[in-house]
Amino acid sequence: MVVPSSFAAGASDPPPIPGARLGSVDAPVRPLLLWVRTGAAHVRLDGGPVLHLKAGEGAWIPADGWAERAITTEPGTVAFPLWPHAGVGAWGLSELTRFDVPSGWQDWLIQLFNLQVTPFSGRGYFPEAIEELLRRPGSRSPAPVEVGRNPSSEGLASPTMPRARGARAVAEELIRDPALDLTVEQWASRVLSSARTLRRDFLADTGRTFEQWRLLCRLGAAVKLLAAGYDMDQVAARVGFASRNGLTRAFKGRFGLTPHEFGRELSARPGAGGLTQRAAAARQTDDLIRMMRKMDTPAAPEMLPAASTPSHANDIHVLSWMYRGSGYLDIGDQRYERERGVATWIPAEMDHVTGLRENSVSLPLGNASTGDLQLTVPLQVRFSPAWDDYLMFCSISARSGLRPDDHNPRHILDLFAEQVAAQRALSVPMPTNPRARAVAMECLRRIGEPGGTHDVDVRAEIHRAFRDETGMTLGRWRYAARMSIARDLLAGGAPPSAVARRIGYAHLPTFSAAFSRFHGLSPRDYQQRESERNQ
């Protein structure tokens with residue numbers, strides 16, 4: 001079952017990410033692994049020299065021998081503080097150490113953070129895997145060897161990235177996982193665009209069609225994997241080709257030689273050593289996969305195994321966001337699906353199970369007390385990929401000591417309410433007059449408060465704007481907004497009694513009468529009709 005309210009993401013941009021700090025009093029006295037995903041961070045121990053970290057770098061910060069630890073991040077930075085298994089580092093890493101984090105390990109580390117701060121029971125990592133990462137302190141990948149136009153020089157260069165927000169979000173997803181096989185229409189839906197706009201933005205910003213850009217992305221990934229020694233079948237599967245023959249045709253069409261010929265040429269070239277070192281980062285991903293395959297299962301699991309929580313109830317509402325893949329929330333006999341980009345308020349005092357499917361990552365964004373938020377059924381909202389970094393920052397701030405000086409835990413409530421209002425605005429005609437639109441958004445934010453949509457201070461010009469631009473009086477517009485939101489909630493399977501409360505009706509019979517007047521069907525009859533249509 002999909003909870004409604006996740007109609008489509010609002011068009012608003014995320015706020016800027018502020019700087020943050022983590023002091024000795026904010027963190028347990030344990031070894032700390034700090035990984036910088038974006039931006040820059042600075043680490044200082046006992047007033048000594050500062051270790052500067054940029055995106056893609058990490059630091060091992062030992063627990064013993066240091067009276068004070070100070071970590072600061074610059075504005076725009078997303079840095080994950082991780083506390084590995086107590087046995088990690090026992091082999092003698094006792095000094096502050098910088099290391100590189102290959103791109104293939106990054107989502108794995110994000111999931112490690114999730115498993116540390118939530119009750120998921122899945123195995124997120126092996127201590128040996130962290131040690132393998134740390135045994136490469138200070139390693140740097142050299143620039144590609146300049147050997148002219150060939151797969152090694154051209155393939156290792158990243159394709160030109162589009163500038164438009166939606167197209168760039170698609171490009172970044174494909175860089176992370178070139179095997180993703182979605183149509184342009186499916187990609188457009190995921191980034192709140194149209195297929196026509198997406199195609200236009202790729203061509204305008206990169207000089208290539210979407211299909212040409214995706215092919216170049218896949219071939220670039222194939223070059224790195226072939227240079228690292230993977231066989232053709234592995235490479236084809238990992239970069240999105242249905243067969244090795246398809247990879248061979250595309251590779252030869254682009255570079256003028258087959259992957260096999262490229263491998264022979266590479267091994268014979270004097271400068272191949274530099275390329276091999278660069279490509280060796282790709283092998284680090286499979287180091288972890290091989291460790292996971294030691295588990296006694298019929299089929300080798302993915303790098304990110306499925307995980308779930310035991311059945312439990314929280315005494316507060318918890319907001320959980322799907323960063324990657326998909327998951328589910330089971331309450332009683334109802335299953336609520338959780339898709340990429342969807343954030344879900346999980347109601348307090350309800351026994352539930354939260355699950356993640358293979359290769360999926362979720363993060364908790366924050367909590368709310370039962371006094372701050374009235375919630376009896378899950379409530380969902382969808383965020384576009386442009387929000388990824390900001391939501392990760394929210395999760396880190398909520399569940400670790402690395403946070404801004406003025407951190408406000410209630411901020412997540414306002415953020416969620418704003419996004420819900422933006423999504424609700426897609427269900428009703430909105431005035432274009434700036435003042436009238438501001439009133440409309442305030443009504444949508446407060447639509448669940450009994451009487452809360454009627455005490456907004458409205459001037460005569462606002463009433464005129466509503467009549468002229470929506471064809472409805474403000475009172476009629478409020479009624480239409482409530483009924484449109486109720487329709488979407490019922491279509492998603494929410495009980496009529498819960499829908500009535502959600503849109504501000506104190507009594508179910510009053511809501512049922514209002515819904516029947518507007519839609520010509522009672523809430524239960526409408527819900528039954530939609531259920532039969534979807535069967």
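Reader: Which residues have the most contacts inside the largest nonpolar core?

Author: In this predicted model, local features need pLDDT of at least 70, side-chain atom pairs count only at pLDDT 80 or more, and totals for chains, interfaces and linings use all residues. Residues are numbered from 1 along each chain as its sequence is written, and side-chain values use heavy atoms, with hydrogens and water left out. A nonpolar core is a set of buried Ala, Val, Leu, Ile, Met, Phe, Trp, Tyr and Cys residues joined through side-chain atoms within 4.5 Å, where buried means under 20% relative accessible area (1.4 Å probe, protein chains only). The largest such core has 56 residues, and those with the most contacts inside it are Leu34, Phe80 and Trp345.

Reader: Which helix gives the largest share of this core?

Author: Helices are DSSP runs of H or I with at least four residues, and strands are runs of E with at least two, numbered from the N terminus. Six residues of the core, its largest share, come from residues 388–399, which form helix α12.

Reader: Is serine 395 buried or exposed?

Author: Serine 395 lies in helix α12. Contact means heavy atoms within 4.5 Å, and beyond its neighbours within four places in sequence, serine 395 is in contact with Phe113, Leu363, Pro364 and Leu365. Because its relative accessibility is 0%, serine 395 counts as buried.

Reader: Which residue of β13 is the bridge partner of serine 320?

Author: Two strands pair if DSSP finds at least two bridges between them. Strand β10 (residues 317–324) pairs with β13 in the antiparallel sense over four bridges. In β13, the partner of serine 320 is threonine 344.

Conventions: Buried < 20%, exposed > 50% of the residue type's maximum accessible area, 1.4 Å probe, protein only.
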